[in-house]
Structures are given as C-alpha cells and as structure tokens.
Amino acid sequence: MDVSLTKKQKLELYYFMKLNRSLEDRLVNLFKQNKVVGGLYGSLGQEATSVGTAYALGPGDWIAPMIRNVGALLVRGYAPRDILTQYMARYTSPTLGKDGTSHFGDLKVRHVVSPISMLGDLIPVMTGVAMAGRYLGQNIVAMTWIGDGGTSTGAFHEGMNLAAVQKAPFVLVIENNGWAYSTPVNRQVPITDLADRAKAYGIQSYIMDGNDVIAVYETTKKAVDQCRAGNGPVILESKTMRMRGHAQHDPAEYVPKEMFAKWKKLDPLERYEKYLTDNKLWDEKTRKEIDARIDRELTAELEIAENAPFPPPELAEQGVYCDDSCHKIEAVWKRPKEELMPPKSSVDPVWKLSATGSIEQGEARGAAAAENVTSGGRVSIDAKPHFDAPVKTIAKTKPAKTAVTKSPVAKLPATKSTVTKSSAKKNSARKKRS
C-alpha cells in the first residue's frame, strides 16, 4: 500500500498540528478572561493523533470527533473562528450559540457527525454510517475516536460487534492517553494493550506511536485502505498522553510528575519539527513563514469571534423540535437501486444454513416435536451446539396404574364428622388436663 507523503503534505501536517496547539493556547487565554462559556477541553500532547488520523481519510469519508479532536476538525476544513465562536457561545458559531466545545457537525459538505456526550455511542452510529455508505455504493470509510475509559462502556462492545459482523468499513481510534479523567488505565482494564480487544471480534488492530504524526498517518492510511477494500473494521490504539487535566478546571494533581516529565520529552510537535529539520524538508525561513501565517490567521479569526454577537433571546424556542422544514436529508445513491433487489441482487433471497443445518431440517424437527407433544409423547434433544442432530423420539408409554388406598372417611355419612383414633386420644387427654 502506498502511504508515502509529498514534501508539501508533510509541511501541511506541521501547519495543522501547530494551528491546533496555537488555537488552544488562545482558548486558554479566553477561558482565563471568562470569555469561554462552559468548560474547555484541550488536546495538548495529542495533536499528532487527531491530525494524523483525519489526514489519512479521503474527502468523501465521514468522521465523528470527540472533545480532543480539534485537529481533525481543522483538517476537515473548519476555520478557527468556528471553534472559537463555538466555545464563546456566539450567534455565528456552527450551533448559533446553543452548544459548546466540539458539539457541531456538517452532514452535507464536510461529512462530520456531531459528538455524542454518552461515551461509546458514536461507535454504533458510525458503524451505521459506514454500512449505509456501502449500501448506497459510495465506497466510503467512517471514523470516530474514543478514550481509554470509553472502551469499557457497553456501547463500545455492542458497536464493535455489529461492525465486525457486518464487515463495516469503519475505523475506531482509541486515544490511550493514560487516564480516564483521574483513573489510570491499569485500574480499569486487565490488559496492557487496548488494541487486544479487537481479538474478541475477530478483526484487525494496530498499535501506533500517537506522538509521531508520520507513524499515525501511515498506520491509519493502511487501516483506511483495508476498510475500503472490504476487509472489515479496524481498531487503532494510539499510545499518547494528555498533558493537561481532563479539562481546564482540572489541575491533574493525580498524575505523577515523573509521568509528565517523561511524555514532555516526547512532545509530538517538537519531535516533528526535528524530523522536518533532520530530513531537510524545510529551513528556518520556511518554518518562520508557516508560524507567521498561523499567528496572522488566528489573530484575524479571534477578532472576528470576539466581535460576533450573542444569540438573540427568541432563538431559544427555535430549532428545539424538527419539522419538515428544518432540514431535508436524502440518500445519495452511487449505484442503481435495482442491484439491491431480486433477481439482480448479488444475494439470493433464501437463507442457507450450512454450519447449523438447513431450514428444511428445522421445519421437520419442529413438526416432529409438535406431533409428539400432541400425542402425549416426549422429544429428547441432543445437547450439541448445532441443529443437524437427529431427532430422537422416545416410544410412547402408558402411565402406570398406581394403587389407591380408599379412605374410610368416604363411607361415612356426610353429616357425621370423622375423627381418627390418634385424634380421639389427644382430645381425651386435653379433657383430663382441663
């Protein structure tokens, strides 16, 4: 598989990573100035994972970002003002000031599905997107991200099982940044590599250095190509580190200082700058030009965001419920619909069960069981995990006659009470005591 990058593409990777970090630095300042409405969730130290994975997708592919995937949004064409105004709850934001963080999407142009706060739920959703794209003949790949803690949710397992069974063209990126809020990975799972969870579903998985953007891109590109070729879903585990707390309000005092010191030496941006220099892909002039461009763009974008108005009060009652006029989503067919209908369908509309027996055998088995139940007989079923075991019918037997001892009570007149000898003795003893 050709996963080579041109010099221009490699410099573009630097641009997106540096833009990601610089944008979040501006957001930190805004947060301290009380201009951010709600929380601020940063991706310091994880930029290579967001940028590298998203960069490996094609223009028609779909993504569903999480709170630390600002880099992926930038790669997909969102401008910094979209992220800035979203955090600042301005009327010009993608959600018109009604939501925060990365909770916005674009189903028409950028193919971005909005995040779901219930972690893990995006996995079955994006599996469905992948299956729908295949059904429509679009040849697309769907991707979403999940943290290490999110892999312990039920939706994670249900979604991955569905993707595996359906061989959906779906890539799941596990951002193993060491901490599920304040819970370390070794306190929530009994395995070292979260990629090993793919074995339970019989699918492919890869582990990648999440702080090496080239390694992330190359590994993701292989996974994307495999999915697009029809080989089923792939799980990617990115080994990385969240260099701040869960959110801006979290000082992350639970993280050992030695751990921060270790990962600081593996900073993805500094490593990539060294890579570009060592491989003579840029000089100091080129670097300064890119950095100046980023600073210039962010300054202009921030000015636009800060001057943007807040949403009007009457907007609160709009867009709460969807009617026919709010939006219209139509399937984009890339194949003739007739291909999916008999007799042109590639799948014969008849169930064929080779490993577990046939429909005919199941019908015969059911008929035999019904006949024996009706006639008073019994059916014995072999305790084997398949349906092709022979039906064993036990010969019908008549119930054995049981000797019944007639009670003398039945011979006495109905008007007289019956007392046994033991009862009479007890009654006599009671009278003497009294």
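This passage walks through the fold of a predicted model, from its overall make-up to single residues.

As the model is predicted, local features need pLDDT of at least 70 and side-chain atom pairs count only at pLDDT 80 or more, while totals for chains, interfaces and linings use all residues. Residues are numbered from 1 along each chain as its sequence is written, and side-chain values use heavy atoms, with hydrogens and water left out.

The secondary structure of the chain comes to twelve helices and nine strands; helices (H or I, at least four residues) and strands (E, at least two) are DSSP runs, numbered from the N terminus. Of the 434 residues in the chain, 40% are buried, where buried means under 20% relative accessible area, exposed means over 50%, and partly exposed lies in between (1.4 Å probe, protein chains only). Contact means heavy atoms within 4.5 Å. Among contacts between residues at least 6 apart in sequence, 73% join residues at least 24 apart.

Turning to the sheet, five strands form an open arrangement in the order β1-β2-β3-β7-β6, with parallel pairing; two strands pair if DSSP finds at least two bridges between them. The edges are held by β1 (62-64) and β6 (204-209), each with a single partner strand, so one side of each has no neighbour in the sheet. From one strand to the next, the twist averages 20°. For angles such as those given below, axes are lines fitted to C-alpha atoms, for helices over the stretch in contact, and the values run from 0 to 180 degrees between N-to-C directions.

Strand β3 (residues 170-176) pairs with β7 (residues 234-239) in the parallel sense over six bridges, and Val173 has Leu236 of β7 as its bridge partner. Helix α7 (residues 213-228) packs on the sheet, where it touches β2 (142-147), β3, β6 and β7, and its direction makes about 165° with that of β6. The pairing of β2 with β3 is also parallel and runs over six bridges; here Thr144 has Leu172 of β3 as its bridge partner.

How well covered is β3? Seven of its seven residues are buried. In a regular strand the side chains alternate between the two faces of the sheet. In β3, Phe170, Leu172, Ile174 and Asn176 lie on one side and Val171, Val173 and Glu175 on the other, and all are buried.

Cys227 lies in helix α7 and counts as buried, at 3% relative accessibility. Leaving aside neighbours within four places in sequence, Cys227 is in contact with Val141, Pro169, Phe170, Val171, Gly232, Pro233 and Val234. The C-alpha atoms of Cys227 and Phe170 are separated by 6.5 Å, although the two residues are 57 apart along the chain.

The next topic is a helix pair. Two packed helices are described by the angle between their axes and the distance between the axes. The axes of α1 (residues 7-32) and α2 (residues 47-55) come within 9 Å and cross at roughly 135°. The two helices are therefore oblique to each other, on a scale where angles under 35 degrees count as roughly parallel, over 145 as roughly antiparallel, 65 to 115 as roughly perpendicular and the rest as oblique. The contact is made by Gln9, Glu12, Leu13, Phe16, Met17, Asn20 and Arg21 of α1 together with Glu47, Ala48, Val51 and Tyr55 of α2. These residues divide into six nonpolar, two polar and three charged; Ala, Val, Leu, Ile, Met, Phe, Trp, Tyr, Cys and Pro count as nonpolar, Asp, Glu, Lys and Arg as charged, and the others, Gly among them, as polar.

Tyr41 lies in the loop between α1 and α2. Not counting residues up to four places away in sequence, Tyr41 touches Ile67, Arg68, Tyr87, Thr101, His246 and Ala247. The C-alpha atoms of Tyr41 and Gln248, 207 residues apart along the chain, are separated by 6.2 Å.

Helix α4 contains Gln86, which counts as buried at 1% relative accessibility.

Ala89 has a positive phi of about 55° although it is not a glycine; its place is in the loop between α4 (80-87) and α5 (122-135), and at 12% relative accessibility Ala89 counts as buried. Lys280, likewise not a glycine, has a positive phi near 55°. Lys280 is found in the loop between α9 (268-278) and α10 (284-306) and is exposed, with a relative accessible area of 71%.
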